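I'm opening my notebook for a look through this structure. I'll jot down each thing I look up as I go.

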Amino acid sequence: MFNATSEEETGNELAREIGGYENVTVLRNIRVVDELAAEHVKQLPRGTVAGDFLDALIVGMDMLIKMYGNAHKGKKRMCLITNAACPTKDPFEGTKDDQVSTIAMKMAAEGIKMESIVMRSNLSGDAHERVIEENDHLLTLFSSNAIAKTVNVDSPLSLLGSLKTRRVAPVTLFRGDLEINPTMKIKVWVYKKVAEERLPTLKMYSDKAPPTDKFAKHEVKVDYDYKVTAESTEVIAPEERIKGFRYGPQVIPISPDQIETLKFKTDKGMKLLGFTEASNILRHYYMKDVNIVVPDPSKEKSVLAVSAIAREMKETNKVAIVRCVWRNGQGNVVVGVLTPNVSERDDTPDSFYFNVLPFAEDVREFPFPSFNKLPSSWKPDEQQQAVADNLVKMLDLAPSAEEEVLKPDLTPNPVLQRFYEYLELKSKSTDATLPPMDGTFKRLMEQDPELSSNNKSIMDTFRGSFEVKENPKLKKASKRLLRDKPSGSDDEDNRMITYDAKENKIDIVGDANPIQDFEAMISRRDKTDWTEKAITQMKNLIMKLVENCTDEGDKALECVLALRKGCVLEQEPKQFNEFLNHLFKLCQERNLSHLLEHFMSKKITLIPKSEAADSDIVDENAGDFIVKQESMLES
């Protein structure tokens, strides 16, 4: 740990041995991180003069070489935190570019990696633009030699996020062939690109060990005994137990041998199934962590093949669908999508991103009523839409003219940070209490107060553009249904009918109040089949009313209208369309012309695509249905 200080406080071994390297002080020699190291960081002194970051790098590299020599190659790391706004000294020989190349070659030979974090949030007016450009160029030279990575940050939060205290070594999930066809295979490696960092596993601790036992592990071991009943004293041996799976009210026993036989036998490999338009694979289809598929670096032909396919896929806007089994004996097959990742660097090969896709059983469809069916009074006007647009733009974290806020790769996880902060306090005192959250991390959890205050007028305008009234009829556990006029009506009488899910446990469409029963049933969400039951029972009731009709059929007509609205709301157009066709045929067969005339006077149409996306009927054909029925009635 070293820092730029005033000239009188220069303190490093190179300065004492050969001179030079002024304004660089070693605060702590290399050793295991402990509580003292954390205190040093908290009290890090601020330098009073300009420092040469190249001198600091050479001092740090010298310390690592003297400490470890040729050992631990690839594990030795240096982290340079600087604003890179101070001038660097000219070397005795050659140019600064030559000096950086020499340092980089030495670091590569010793297996030293470097991270450069450049923070320029509040530069003073003394910062010279030419000096900054030159220093940025020198840091880029380090990065181009593949031994260093440069990150630019502008806030304490992003600075903390850029400091990676633990490096996860890349481990391949798969090494094998990407099979294009039986005669063409490409050698590829698969790595995890993104994985959730979880809280460390907490173990149970036992204080039953004697205080004098210095080698006690304080572990807690849990054993389970299986008995026929809780009162029984006889323990069932492992060989006498068998797994059982619920099948309805029954429990079906299946032996381990049968389970093994049922397992799907798979062979390791990746097979291309085909290509499709990128627009066909929606972002919400991605199910798990993203992986990256790279060509085998030792196979030149694999690198060329992957590059050719990836570039063609990007040019034609295609993605590939592949079947994957990462290891022999894997219990499941994964179907995923390969998205091209064309590299912008000459030293990095092209690759693919891999995301797991869902099977039919994994997809959850949630039908919602179309906004097009809502009355015009419920839709925002142009002025309301404009203020809503301004609100969204105000809260944009990535405006085009500014730097993106809360970048994922520079934003630390506040949950992990808070856990380790408290763990440190508990290590010092078992009675430590949870401290208040740091103000910097509150910006991750709450809306930026400065942003809100600067745009108060936009928020006030948004609030004033929408009148919100309390609905006294709306209860906490209620379900809402849209009850409106027949299709095509935009009347103001349209309204929302509220049913309480706890009070309306209707499970049958009765003869007394069929419409209310029907609406209550399709509003229930305690089971998935209530909608199907309600539609079926309403159709049966309508058929019963039609067959026994002795009047104009007003009740049957109201039930048909209610059924149509319910099918639109629940996005079940085919059920209604098929039923309406069947109903009209039945009326014609039974010579119930008075009912047909009554139905057609209300202009009951089939449900078109504009009202339900799953419908096979276009809008024009929906209107033609009435015309055809009228012509048949006249004939």
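Is Arg77 buried, partly exposed or exposed? I note first that the model is a predicted one. Arg77 comes out as partly exposed, because its relative accessibility is 34% and that class runs between 20% and 50%.

**Entry: salt bridges**

I looked up the partner of Arg77 next. Arg77 makes a salt bridge with Glu115, and their closest N and O atoms are 2.4 Å apart. Arg77 sits in strand 3 (residues 76–82) and Glu115 in strand 4, so I wrote down that this pair links distant parts of the chain, 38 residues apart. Glu115 is buried, because its relative accessible area is 10% and buried means under 20%.

I then checked Lys96, which forms a salt bridge with Glu134, with 3.1 Å between the closest N and O atoms. Lys96 belongs to helix 4 (residues 96–110) and Glu134 to helix 5 (residues 129–144), so this bridge ties together parts 38 residues apart in sequence. Lys96 counts as buried at 10% relative accessibility, while Glu134 is partly exposed at 25%.

Searching the whole structure gave me 20 salt bridges.

**Entry: a buried serine**

I went back to strand 4 (residues 112–119), where Ser116 has its place. Ser116 is buried, with a relative accessible area of 0%. Leaving out neighbours within four places in sequence, I listed its contacts as Leu80, Leu139, Lys149, Thr150 and Val151.

**Entry: rings**

How many aromatic pairs are there? I got five. One of them is Trp326 with Phe354, edge-to-face, with 5.4 Å centre to centre and 80° between the planes. Trp326 is in the loop between strand 12 (318–325) and strand 13 (334–341), and Phe354 is in strand 14 (residues 351–356), 28 residues apart. Both are buried, and together with Phe174 they form one aromatic cluster.

The charged end of Arg175 sits over the ring of Trp189, 3.8 Å from its centre. For Lys533 over Trp530, I noted 4.9 Å.

**Entry: surface patch**

Last, I found Met204, Val220, Val222, Tyr224 and Tyr226 making a nonpolar surface patch of about 570 Å². Tyr226 is in the loop between strand 7 (184–192) and strand 8 (243–247), and at 42% relative accessibility it counts as partly exposed.

How values were computed:
Residues are numbered from 1 along each chain as its sequence is written. This is a predicted model: local features need pLDDT of at least 70, side-chain atom pairs count only at pLDDT 80 or more; totals for chains, interfaces and linings use all residues. Side-chain values use heavy atoms; hydrogens and water are left out. Patches are made of residues with over 30% relative accessible area and no salt bridge: like charges are joined within 9 Å, nonpolar side chains (Val, Leu, Ile, Met, Phe, Trp, Tyr) within 5 Å. Accessible areas come from the Shrake-Rupley method with a 1.4 Å probe; for residues, only the protein chains shown count as cover. A salt bridge is a side-chain nitrogen of Lys or Arg within 4 Å of a carboxyl oxygen of Asp or Glu. Helices (H or I, at least four residues) and strands (E, at least two) are DSSP runs, numbered from the N terminus. Buried means under 20% relative accessible area, exposed over 50%, partly exposed in between (1.4 Å probe, protein chains only). Rings of Phe, Tyr and Trp (its six-membered ring) pair if their centres lie within 6.5 Å; planes under 30 degrees apart count as stacked, over 60 as edge-to-face and the rest as tilted. A charge sits over a ring if NZ of Lys or CZ of Arg is within 6 Å of the ring centre and within 35 degrees of the ring normal. Contact means heavy atoms within 4.5 Å.
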